[in-house]
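Below are my notes on the model, as numbered points. Please read them beside the sequence and the coordinates.

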Amino acid sequence: MATAYGGPEVLSVVDVEVPAAGPGEVLLDVRAAGVNPIDWKLYSGAVGTDPARLPMRLGLEVAGVVLAVGQGVEDIPVGDHVIATGVVGGYADLVLVPVANLAPKPAQVSWAEASGLLLTGGTAWHTLDATGVGDGDVVLVHGGSGSVGRFVIQLARLRGAHVIATASDATHAELRALGAVPVAYGPGLADRVRAAADAVGPVTVAIDTVGTDEALDVSVELVADRSRITTIAAFARAGELGIQALGNGPGADPGAAIRAAAIPRLVELAADRQLHVAIARTYPLEDVAQAHRDSIAGHARGKLVLLP
Ligand SMILES: NC(=O)c1ccc[n+]([C@@H]2O[C@H](COP(=O)([O-])OP(=O)(O)OC[C@H]3O[C@@H](n4cnc5c(N)ncnc54)[C@H](OP(=O)(O)O)[C@@H]3O)[C@@H](O)[C@H]2O)c1
C-alpha cells in the first residue's frame, strides 16, 4: 500500500487482518495482480493529495481462486478460478471482491494473462465502440505497443478494420504479428502515417492511448470527423479540440455500461485465443516499487504483473 503521496518509495507491503466475506462478496486467493499506470498516478499527487485516502490499498484487477463466499452468494463455488476488475487492494495475498465484479477465468489463459485482461481490454473496447469502428475503417492507434494499444489493435482487426499503430522500433515486429502496420512516433509522424495508409485509404478513426500533443495534433490533422477521435490520456486538450475523452478523467465519459458489457466478450475471445494478453514482466509482491518504476518509465511493452 501507499502510506504517503510521492513516488514508488512510499510503497510497502504490510500485514493486515482480512475480514470474513460479507453479503454478496467472495474472498479470493490472489494468484496474479495486474499493474496499471493509474495505480501509481493515484498516489503520485496527480489526482489530489487528500490525506483521508491514506494509507491507500492498490491494485484494481486480479485473477485468483475463491476461498470463501459471503451470505447470498450461491452460484460461485469455493475453488472457482475467477478474474476480477474494479477491485480495491488487489496487490495482496487475499482480497474481498463483490460478486458483481467477477468473471470466469478461462483455463486456456495463465493467471498472469487473466489478471491483465479486463481493465485495459475494457478500455480498448470502449474506444472502439465510442468511435464506431467497423469493417473497412482505417484506425490510427497511438501507443500501439502499450497494454491498451495492443488490445485496440487486436479488437479493431477482429472488427475488420485496418490498423496503423505508433510505437518504438523495437516493438514493430510484434505489432505486425498482431495485424497492425507499425510506424515510429516523433517528428514527421503525420507523413509516415499517410504513407502507411496509402494502400487502404484515408485514416477514418484515431485512438490516443498516450496523451502527447503530437498524438493529438496528428489525429486532428488526419481524421476529418472529430467525433471519431478519442483519447484516454489527455483530458484537458480533448475539450479544446472537440474530441472524445474516455475514462474517469475530468469531462470524460466513463462508459461503465459499455465496459461491463465487454467483459464476457473479452473472456470468450481470450478463451478462444483470438485475443492475447502480452506479459512484459512478472514480479513478486515485495518488488511492487520496482514494478511501478518500470511502469512509470513508460515503455513496459505489455502487462506488468505482480505474483503474490
Ligand atoms: N481513461 C481510461 O479509461 C484509461 C484506462 C487505462 C489506461 N489509461 C491510461 O492510458 C495510458 C496507457 O495505458 P497502458 O496501460 O496502455 O500503458 P503502458 O502499457 O505503460 O503503455 C505505454 C505506451 O506508451 C508508449 N509511449 C511512451 N512514450 C511515447 C511517446 N512519446 N509517443 C508515443 N507513444 C509513447 C510506449 O510505447 P513504446 O514503448 O513503443 O515507446 C508504451 O507502449 C496511461 O496514461 C493510462 O493511465 C486510461
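1. Helix α3 passes α4 in a right-handed crossing; a crossing is right-handed if the near helix is turned clockwise from the far one by less than a right angle, and left-handed if anticlockwise. The model is predicted, local features need pLDDT of at least 70, side-chain atom pairs count only at pLDDT 80 or more, and totals for chains, interfaces and linings use all residues. Residues are numbered from 1 along each chain as its sequence is written, and side-chain values use heavy atoms, with hydrogens and water left out.

2. Two packed helices are described by the angle between their axes and the distance between the axes. For α3 and helix α4 (residues 147-158) the angle is about 50 degrees and the axes are 8 Å apart. Axes here are lines fitted to C-alpha atoms, for helices over the stretch in contact, and angles run from 0 to 180 degrees between N-to-C directions. That angle makes α3 oblique to α4. The classes are roughly parallel under 35 degrees, roughly antiparallel over 145, roughly perpendicular from 65 to 115, and oblique for the rest. Helices (H or I, at least four residues) and strands (E, at least two) are DSSP runs, numbered from the N terminus.

3. On the α3 side, the contact with α4 is made by Thr120, Gly121, Thr123, Ala124, Trp125, Thr127 and Leu128. On the α4 side, Ser147, Val148, Phe151, Val152, Leu155 and Ala156 take part. Contact means heavy atoms within 4.5 Å. Nonpolar covers Ala, Val, Leu, Ile, Met, Phe, Trp, Tyr, Cys and Pro, charged covers Asp, Glu, Lys and Arg, and the others, Gly among them, count as polar.

4. Helix α3 (residues 118-130) also meets helix α9 (residues 256-271), where the axes come within 9 Å and cross at roughly 115 degrees. The two helices are therefore roughly perpendicular to each other. The crossing of α3 with α9 is right-handed. Among the residues that make this contact are Leu118, Trp125, His126 and Asp129 of α3, and Arg259, Ile263, Arg265 and Leu266 of α9. The contact of α3 with α9 has eight nonpolar, four polar and three charged residues.

5. Helix α6 (residues 189-197) and helix α7 (residues 213-222) have axes that come within 10 Å and cross at roughly 50 degrees. That makes α6 oblique to α7. Leu189, Ala190, Val193 and Arg194 of α6 contact Glu214, Val218, Glu221 and Leu222 of α7. Five of these residues are nonpolar, none polar and three charged.

6. The second largest pocket holds about 570 Å³ of space. A pocket is an open set of points on a 1 Å grid over the protein atoms alone, where a 1.4 Å probe fits, with protein on both sides within 12 Å along at least five of seven lines; lining residues have an atom within 4 Å of a point. Of the 23 lining residues, Val14, Val16, Tyr91, Ala92 and Leu94 are the closest to the centre of this pocket. Strand β4 (residues 94-98) gives the largest share of the lining, three residues. The lining has 16 nonpolar, two polar and five charged residues.

7. The peptide bond from Leu54 to Pro55 is cis, with omega near -10 degrees, and Pro55 lies in the loop between α1 and β2. Arg273, in the loop between α9 and β12, has a positive phi of about 60 degrees although it is not a glycine. Ala21 and Val69 are 48 residues apart in sequence, and their C-alpha atoms are 5.9 Å apart.

Key
Points joined across faces, edges and corners; volume = space filled by probe spheres on them.
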